[in-house]
Amino acid sequence: MKLAWRRIPTGLLGLVMLAALYGIATLRITRQSYQEHSGDTVTIRFAHWNLETGVREVYDELAAAYTDLHPHVRVEQIAIPSRVFPAWLRTQLIGGTAPDLITLGGQGITDELIARHFLPLSSAVESPNPYNRGTPLEAMSWRDTFIDGLTSHHIFNERLQEVYSIGLGVPTFRAYYNLDLFREIMGHERLPATFGELLTLCERTAEWSRAQRRTALPIAASSHHALPLLHALAAVRTQSHLIDQPGRGLLMLTDEDLMIDVLRGRLSWREPPLSDALTAMQAVGRWFPPGFLQAQREDMTFQFVQGRAVMMTTGSFDLRSLRTQAPFRLAVGPIPMPDSADPDFSRGVLGALPEVAVGSGRFALTRGSRHPATALDFLRFLSSVENNSRFAASSEWIPAVVGARVPDAVQAFTPNPDGFPAPLNLFAGLGPFADVFRTMLNQHSDLLFSRTRPLEAYLDAVASDFTPALNADLERMARNRRANLRRIDTIVGILELAPAAEWADRSTILRQSQLGQEISQSWLEYHQ
Amino acid sequence: MFSYDLPVAAKSLALITLLASSVAPALLSAHLSPDALEAVQQLRFNDAAAMVATEQNDEHRLAAALLLLSRQPRTRTNINSAQAALQDLAADPNTSPELRPWALYHLARILHWHLDHTPRAATLAAYQRLIDRYPIHPAAQLAQSRRLLLALFAPAAAEESKARLAQFEKEAPVLTTRDARYAYHYVFSEAYQRFSPEAPELAEHTRRALAIAPMTPTKRADLLIRLAESARARGDVPTARTSYEEFLQSYPRQVRRPLVKKRLEELSP
C-alpha cells in the first residue's frame, strides 16, 4: 500500500489538489452568491479601516444582533487596512462593487466622488431613529441624537449642502503620563491641574534630565501629537474675540474672517488676541523635542513607551495600545490649558474648548447599494443609544450619541460638548490657509519654540514671508470658491427647469447656500 | 377623412385626437428627464450633457448651455459656446416667454462668476437689462439681489459703502417669489452688518429674511444670533433675549450655545 501511492506521479497529485481547491473556492463563491441573490435573504456589507482590538469584534456582534431582529438580513463586515483603504475605496466605487456602507475618509475624497457615489442622508436624519424607542431620545430627530447634531465637517459637506455620513465615535485628546518617571522627577503623583503646573512640570523635567544625565523629554511630540495641542492653546486665547468684536454678528468667526482683518490691519500678530495665541503656543512648544514637526508619530510614541518622556498628548484611540505597550504606570488626565484664573495666560480665555467633532467610524451609504433602505436601517441600528453604548464598551471609543455610556476605561476621555468655541483654527493642521500655516510653523518653528529667543525675533522673521503667504492662500481660496459657485450655478439653473416639486426644496437650499458663498467671495474680493 | 354621415361630436373628437397626437410627443419630451436631473445632482455634468443633447426644445437648449459651463475640461471655448447658445435663446422670437428671461439671467451670471475680470459695470448692466425687460419674472427678481450684491460690495471707502446702503434702500423692486425676497433681505443684512452695523435697518432686514424661513441647516441659527446681537447692541433687551432663547430652544447641539447663554446671563438684571 505504501509503495502503491508512491507510484502516483507528483504532478498528477498536484493537479488533483488544485482541482479540489478550485472546487471548494467555486462552491463557496457560488453559495455566497446564492445567499446574496436569494429572494429570501438580503445581504448588507459594510467596510471600514478600523483594525483596532475590540472594534471588529463588536461590529460582528452588532451585525448578528441585527440579524436576530431581521432574520432575512445578513450583515457582513469588511475590514481593510487604512494604508490601502483610499485606493481600495476608489477601485470599489469605480468598479461598481462597493459595499452598501463604507467609511468615508482618507485622501482623494473629492466632492465629485461623494456626489456621484454616495446617497445624501439629510432627509433621512430629520426623522426619529426607531431604535431609540423607549429611551429619552425617542422623539428626537436622528440628527439631534448625535453630540454634534451632524454638523462636523467630516459629516456635513458644506459645499454640497448635505449630510453624507453617520459617525459612531468622538476622538478626544488627553495628556498621558509616565507616572513612575513623573514621581521620580516631581516627588509626588499629583498630575498638573493648571497650565502653570504643566509648565512647571516641563521645567523640572528639563532640569532633572540635565542633573541626572538621563534622557527625559518633558513632552514627546511629533506633528501628529503637537498640532492638536498647539491648535487648542492658540484657540483658547482667542475665545473672547468672538464676543468682543461684532464681526459678522454671528458669535462665530472663521480663519478667513481673521486673516482678512489681518490684511486690513485690524488685527496683528504682534497684538492680542493673536500675540496671546502665539505666546501660549510658545510656552508649551519650547518643551517639544527639536525637530518635532518632522518626527514620525511612531517614533515619538516609542520614546514615550521607552520611558524617555514624562508625558505626551494624543487621542483616546491610542489608549489601548499605550496601555498594552507601556511597561510603566500610565496615567491619563485633561490637558492643562490656560484658564481665566491663570496669572500669565488668562487674557482672551472664556473656558474649556468644546469637544464635539464626530470623526470616527463614519459610514456613508453608496448609491450602488441594492438594498439602500435596509443599509440605512442598519446604520440607524448601529447608532441607537443602546448600540452606540455597546460599541463604545467594546472598542473603548467615545460614543457619538447623546446619552450613550462612556466606558469606565475611557471616562477620562469623556468629551465636553459645552465648551466655548474659538475663532482661530489655523494651527489645527493644513486647511485653506496652508501657506500661512507653513510659514508660521514649518519655516520658523525654531524661533517660535526657542527657549532663549523672544517672540519678537520670530515675528520679525515671519513678517517678510507672511503677507505673500497670506495673499497666496486668499487667492487660492478665491479660486476654489469660484469653482464651487460655478458648479452650483449650473445645478440650480437646471433644477429650476425641473417640473417636479421634489426638486424645489433642493433648489432653494442650494440657492441659499450659493448666496452665502457669493457674499463671502464678494467680501474677500472687496479687500483684495 | 371625414364622412358626412358621422355626427359632429365624433368628428370633433377625431380632430382633437389628431391634434393631440401630434402635440403630445413634444409635451412629453419638453422637460428634462429624471436621469438627466440626477446626473446633474451627482455632478456628472458630461453625462448630463449627453442626455440633454437628444432634444432640441427650449428647456434642453438652456440646460445644454448651462452644462457647457461646468463640463470638464473647463475651457474658454465652452464658455463662449454657452454664451452664444444663451444669446440665441434670448434673441429667438420662438423661445418660450418663460425661459427667455432665464437665458438673460445666466448670461449675466457668466459675466459675474464664470469669466474672470469682467468689469463690474458690464455685469451690473446685464442684470439691469433683465430687470428692465422682465421685472416680475422670477429670474429678474433673483437678479435684483445679485445686482444689489455687486453694488454694495464694490470696493469703496467706508463712508461710500454706507451711502450706497441708503441709496439702494430707496428702491422698491418687485419681489414676489420666496427665493428672491429672502435673497434681497439677506444681502442687505450682510451688507449692513459689515458696513453699518449700528443702523436699525440691519435688524429689519435680518428679521425679514428670518420670516421668509431660510432652509439651509445653519442659516436660521445665524440669523437668529444676528438679530439678537444687533438688538443687544442697540439696547433692545427684550428682542435680544427672545432671539437668544429661541436659538437655545431650536438648536440643542449648536456649538455657540455657551456663548449665547453667556449673553443671556449678561442681559439678566
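Reply: Leaving aside residues up to four places away in sequence, Leu278(A) touches Trp269(A), Phe427(A), Met440(A), Leu448(A), Leu455(A), Tyr458(A) and Leu459(A), where contact means heavy atoms within 4.5 Å. This is a predicted model, in which local features need pLDDT of at least 70 and side-chain atom pairs count only at pLDDT 80 or more, while totals for chains, interfaces and linings use all residues. Residues are numbered from 1 along each chain as its sequence is written, chains are lettered from A and ligands numbered from 1 in the order in which they are written, and side-chain values use heavy atoms, with hydrogens and water left out.

Leu278(A) is one of the residues that touch the most other members of the largest nonpolar core, which has 116 residues, together with Trp269(A), Met281(A), Phe427(A) and Leu441(A). Such a core is a set of buried Ala, Val, Leu, Ile, Met, Phe, Trp, Tyr and Cys residues joined through side-chain atoms within 4.5 Å, buried being under 20% relative accessible area with a 1.4 Å probe and protein chains only. Another core, of 66 residues, lies apart from the largest one and includes Ala498(A), Leu37(B), Leu89(B) and Leu130(B).

In chain B, helix α9 (residues 158–169) buries Ser161(B), Arg164(B), Leu165(B) and Phe168(B). These four lie on the same side of α9(B), because they cover an arc of only 105° around the axis, the arc being that of the directions from the helix axis to the C-beta atoms. Their cover includes α19 (502–527) of chain A as well as α8 (138–152) and α10 (178–195) of chain B; helices (H or I, at least four residues) and strands (E, at least two) are DSSP runs, numbered from the N terminus.

Turning to the sheets of chain A, three strands form an open antiparallel sheet in the order β8-β7-β9, and two strands count as paired if DSSP finds at least two bridges between them. Both β8 (311–315) and β9 (330–333) have a single partner strand, so one side of each is left without a neighbour in the sheet. β7(A), residues 173–178, is joined to β9(A) by four bridges, and Asn178(A) stands opposite Leu330(A). Helix α8 (residues 223–236) of chain A lies across β7 and β8 of chain A at about 80° to β8(A), with axes fitted to C-alpha atoms, for helices over the stretch in contact, and angles running from 0 to 180 degrees between N-to-C directions.

Terms used. Expected span 1.5 Å × (residues − 1). Buried < 20%, exposed > 50% of the residue type's maximum accessible area, 1.4 Å probe, protein only.
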